[in-house]
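Q: I would like to learn to read a model like this one, feature by feature. Where do we start?

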Amino acid sequence: MQATAKAGAEAMVVTHLPDVRYLSGFTGSSGAVALVGGRAALFTDGRYTAQAKAEVEGIKLVIEQRSPAALAVDWLAAAGVKRCAFDAGQTTVAAMEAMKKALPGPLRRSFFVPTDGLVAKIREVKDEDEIGLMRSAATLGCRLFEGVLEHVEAGATEAGIAAELEYEARLAGAEAMSFETIVASGERSALPHGRATAAKLPKRGFVTLDFGVILNGYCSDMTRTVHMGKALPGAREVYDSVLEAQEAAVAAVAPGVTAGDVDEAARSVLRRVKLDKYFSHSTGHGVGLEIHEGPRLATKQRQVLEQGMVITIEPGVYMPGRFGLRIEDMVLVTATGGEILTPSVKAWIEL
């Protein structure tokens with residue numbers, strides 16, 4: 001609650017569901033947490049009575065049919081709270097109006113103190129239990145990639161490859177995919193977020209597979225790019241440069257290093273071979289209960305990496321009308337450097 005006090009508030013209401021899960025263990029789709037003076041309470045509705053009782057320990061549990069956020073605010077006001085922090089980046093105007101209506105009239109004008117991701121900042125550094133869960137999710141992703149390669153053949157559809165990945169993920173125990181699976185082939189491989197379509201894999205050209213699974217609530221994220229048939233002109237050279245950039249950024253990971261320094265490690269390799277203009281996104285991002293968390297690894301980002309963060313390293317090159325490729329690993333920031341959690345082969349694969 002130190003961050004809450006620093007923001008000028010004495011309490012906090014949390015409605016963003018990943019934050020609710022992090023604070024309480026509750027995994028339902030409707031809930032809010034209130035924090036004040038060392039006390040905490042989870043609010044949800046009757047649909048989740050059994051689930052909440054099974055999942056939530058050590059904090060007060062309130063189950064009513066009213067809006068969980070309104071219940072949380074009402075509880076805090078009854079406790080004498082005058083100033084309450086909330087996450088402005090995760091609260092809609094409609095949600096804020098609903099919370100204000102739960103307050104006595106005199107409190108509505110001054111009760112809420114906007115803050116920016118206080119719980120999300122805490123979530124950036126994972127504890128040993130979380131790291132263990134993320135290892136499992138990452139390991140499953142590697143197994144899925146290795147298994148799906150036997151289905152990657154000319155004439156197969158991108159959507160079919162994605163479906164195979166997702167089917168095997170479910171059979172292996174994944175709760176869901178971390179995001180919509182990307183399978184981009186041929187000229188479509190030049191689309192950084194080329195979601196799987198009915199397009200058929202070419203006899204010759206790149207196929208980029210970017211996917212992840214959710215296992216025990218935690219996300220994985222990895223990208224591998226393979227080549228169908230004999231290498232297109234210049235393709236192998238570009239691939240080798242992206243791989244060098246990716247490995248340089250992984251090698252730069254360490255506690256105390258800034259996110260911008262890691263980004264520059266990748267970007268400088270591509271700049272040296274005049275491919276940096278084709279690298280159109282940031283080098284990576286944090287991963288955890290959400291697929292995109294802090295820190296953001298991008299140009300001039302000054303956030304310092306800390307032991308326990310899990311980040312992606314994913315440089316790419318995208319040449320419209322020709323081809324594109326990306327190579328991505330999940331990397332744990334350790335006491336001395338970075339540990340790759342997705343150790344599937346990254347060397348050139350020609351199918």
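A: The term means a side-chain nitrogen of Lys or Arg within 4 Å of a carboxyl oxygen of Asp or Glu. This is a predicted model: local features need pLDDT of at least 70, side-chain atom pairs count only at pLDDT 80 or more, and totals for chains, interfaces and linings use all residues. Residues are numbered from 1 along each chain as its sequence is written, and side-chain values use heavy atoms, with hydrogens and water left out.

Q: Where in the chain do Arg 326 and Glu 314 sit?

A: Helices (H or I, at least four residues) and strands (E, at least two) are DSSP runs, numbered from the N terminus. Arg 326 is in strand S17 (residues 323-326). Glu 314 is in the loop between strand S15 (310-313) and strand S16 (316-319). The pair links distant parts of the chain, twelve residues apart.

Q: Is Arg 326 buried or exposed?

A: Buried means under 20% relative accessible area, exposed over 50%, partly exposed in between (1.4 Å probe, protein chains only). Arg 326 has 2% relative accessibility, so it counts as buried. Glu 314, at 10%, counts as buried too.

Q: Which residues do salt bridges with shared partners join into one network?

A: They are Asp 19, Arg 123, Lys 126, Glu 290 and Glu 293. Within it, Arg 123 and Asp 19 form a salt bridge, with their closest N and O atoms 2.5 Å apart. Arg 123 lies in helix H6 (residues 118-123) and Asp 19 in helix H2 (residues 17-24), so the pair ties together parts 104 residues apart in sequence. Arg 123 and Asp 19 are both buried.

Q: How many salt bridges does the structure hold?

A: It holds 18. Another one joins Asp 45 and Arg 47, at 2.9 Å between the closest N and O atoms. Here Asp 45 is buried, at 7%, whereas Arg 47 is exposed, at 61%.

Q: How do I read a helix such as H8?

A: Check its length, then its faces. The expected span is 1.5 Å times one less than the number of residues. For the 14 residues of H8 (residues 158-171) that gives 20 Å, and the end C-alpha atoms are 20 Å apart, which agrees. The buried residues of H8 are Glu 158, Ile 161, Ala 162, Leu 165 and Ala 169. They fall within an arc of 100 degrees, so they line one face of the helix. That arc is taken over the directions from the helix axis to the C-beta atoms. On the other side, Arg 170 and Leu 171 are exposed.

Q: How is a pair of aromatic rings described?

A: By the distance of the centres and the angle of the planes. Rings of Phe, Tyr and Trp (its six-membered ring) pair if their centres lie within 6.5 Å; planes under 30 degrees apart count as stacked, over 60 as edge-to-face and the rest as tilted. The structure holds eight aromatic pairs. The rings of Phe 111 and Phe 112 have centres 5.1 Å apart and planes at 85 degrees, so this pair is edge-to-face. Phe 111 is buried at 0%, and Phe 112 is buried at 10%. Ring pairs also link Phe 206, Tyr 239, Phe 323 and Trp 348 into a cluster.
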